[in-house]
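Please read them alongside the sequence and the coordinates.

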Amino acid sequence: MRARCRAAASRSAGLASAGALALAWLGACSIGSGVGESFGSAASVGGNTQGTSDEGSGGGTEGGDDPDGSGGSGSGSASAGSGPDDPPPGGEVCNGLDDDGDGMIDEDQPSVTCGVGSCEVTEPSCVGGAPQGCTPALPGGEVCNGLDDDCNGAVDDVQQACSSACGEGTVVCNGNEQACDAPAPQPEACNLADDDCNGSVDDGVGGCRHGIHRSLHPVTGEHFYTASLDEAQCCGFVLESANFFQLYSASHAGLAAFYRCYTPGGFHFYTQDPGCEGVPVNEGVMGYVATAEGTGGAVPLYRLYLGSNGDHFYTTSAAERDAAVASSGYVYEGVAAFVW
Ligand SMILES: [Ca+2]
Ligand SMILES: [Ca+2]
Ligand SMILES: [Ca+2]
Ligand SMILES: [Ca+2]
């Protein structure tokens, strides 16, 4: 535009009387005033306040590069430089317009990314000339797949309770496999624990515990306790209860030896005291008892004494204990041990 305008001005300056050309120049420069004025003054329209009469000196502000020295280049400022229709300094913006004039509308607008884990999405920031927000994908349930499905920032954190026969736990991922970290049942061992978590301690472990049978001598009234069924039914004794309670066959932490003692009167009693509470004969260890209730599920073994015949009576039944005291003249002496 400026070149056309400049060329027209130069031509019109040499043909001052050619009104038609003067009009053509005016149209080319889009300047509406100055018809009838001298061309020198016409060329100055458009902001050039100099050169109002001498066309040779009418150089505009950009006249330094005017090869023909015709001046009038000041008119170029009418469509060049800054103005309301110029591109914004920031280049293309999202507005549906070709801001930078390169023939493409809203090109090179950045994409936007939002969301965490599997909810992360990347979307265009400009759609149809309008800036767009970013909406993360909806979270899902966490599963073992190496992804953060629930979008909480943690991969495969399956926050789900689970349990085994042995207790509570939470679901954990082992690769893509789901597992439960609750304690797993173990083979039962003789250790005062319910390893297989079936509710019974040391059940089914051979040689771990042995039964103590209970018998009664109907003539003397002595209650007798032994691990031998033969002995329990020997010598006038009548078996009252096979495997009346159980003792451990070997010592373990928390257990103590339980001794069978023999009195000068010919009766037996049972105690944790290796000195048999002063009675001279210790017949040996019957087995091992707990010193605290609950050890491996141990229960109290109550000890009673009948002074009229010297019988020591043992039972795990509180009701039987109380009945013996109430009805048979026994004295309750306390808990002798804890047994199974
Ligand atoms: Ca997660
Ligand atoms: Ca996952
Ligand atoms: Ca068990
Ligand atoms: Ca066990």
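1. Buried residues account for 24% of the 340 residues in the protein chain; a residue is buried if 20 or more other C-beta atoms lie within 10 Å of its own, exposed if 12 or fewer, and partly exposed in between, with C-beta atoms placed from the backbone. The model is predicted, so local features need pLDDT of at least 70 and side-chain atom pairs count only at pLDDT 80 or more, while totals for chains, interfaces and linings use all residues. Residues are numbered from 1 along each chain as its sequence is written, and chains are lettered from A and ligands numbered from 1 in the order in which they are written.

2. The protein chain has 5 helices and 16 strands. These are DSSP runs numbered from the N terminus: helices are H or I with at least four residues, strands are E with at least two. Of the contacts between residues at least 6 apart in sequence, 41% join residues at least 24 apart. Two residues are in contact if their C-beta atoms, placed from the backbone, lie within 7 Å.

3. The largest nonpolar core has 30 residues, and L247, F258, V289, L301, F338 and V339 touch the most other members. Such a core is a set of buried Ala, Val, Leu, Ile, Met, Phe, Trp, Tyr and Cys residues joined through C-beta atoms within 7 Å. Two or more residues each come from β9 (223-226), β10, β11 (255-262), β12, β13, β14 (299-306), β15 (311-315) and β16 (331-339). Beyond its neighbours within four places in sequence, F338 has contacts that include V289, A290, T291, V299, P300 and L301.

4. β11 and β12 run antiparallel and are joined by 4 bridges; strands pair if DSSP finds at least two bridges between them. The two strands form a hairpin with 5 residues between them, and G266 in the turn has a positive phi of about 90 degrees. Y262 has H268 of β12 as its bridge partner.

5. C276 is placed in the loop between β12 (268-271) and β13 (281-290). C276 counts as partly exposed because it has 18 C-beta neighbours inside 10 Å. The C-alpha atoms of C276 and Y262 are separated by 8.4 Å, with the two residues 14 apart along the chain.

6. An open sheet of 3 strands has the order β5-β6-β7 with antiparallel pairing. β5 (161-164) and β7 (177-180) are the edge strands, each pairing on one side only. From one strand to the next, the twist averages 40 degrees; axes are lines fitted to C-alpha atoms, for helices over the stretch in contact, and angles run from 0 to 180 degrees between N-to-C directions. β6 (residues 167-174) pairs with β7 in the antiparallel sense over 4 bridges, and C173 stands opposite Q178 in β7.

7. Two non-glycine residues with positive phi deserve a look. Where does D106 lie? D106 is in the loop between α3 (39-44) and β1 (111-114), and its phi is about 55 degrees. D106 counts as buried because it has 21 C-beta neighbours inside 10 Å. C235 has a phi near 65 degrees and is found in the loop between α4 (229-232) and β10 (238-248). With 9 C-beta neighbours inside 10 Å, C235 counts as exposed.
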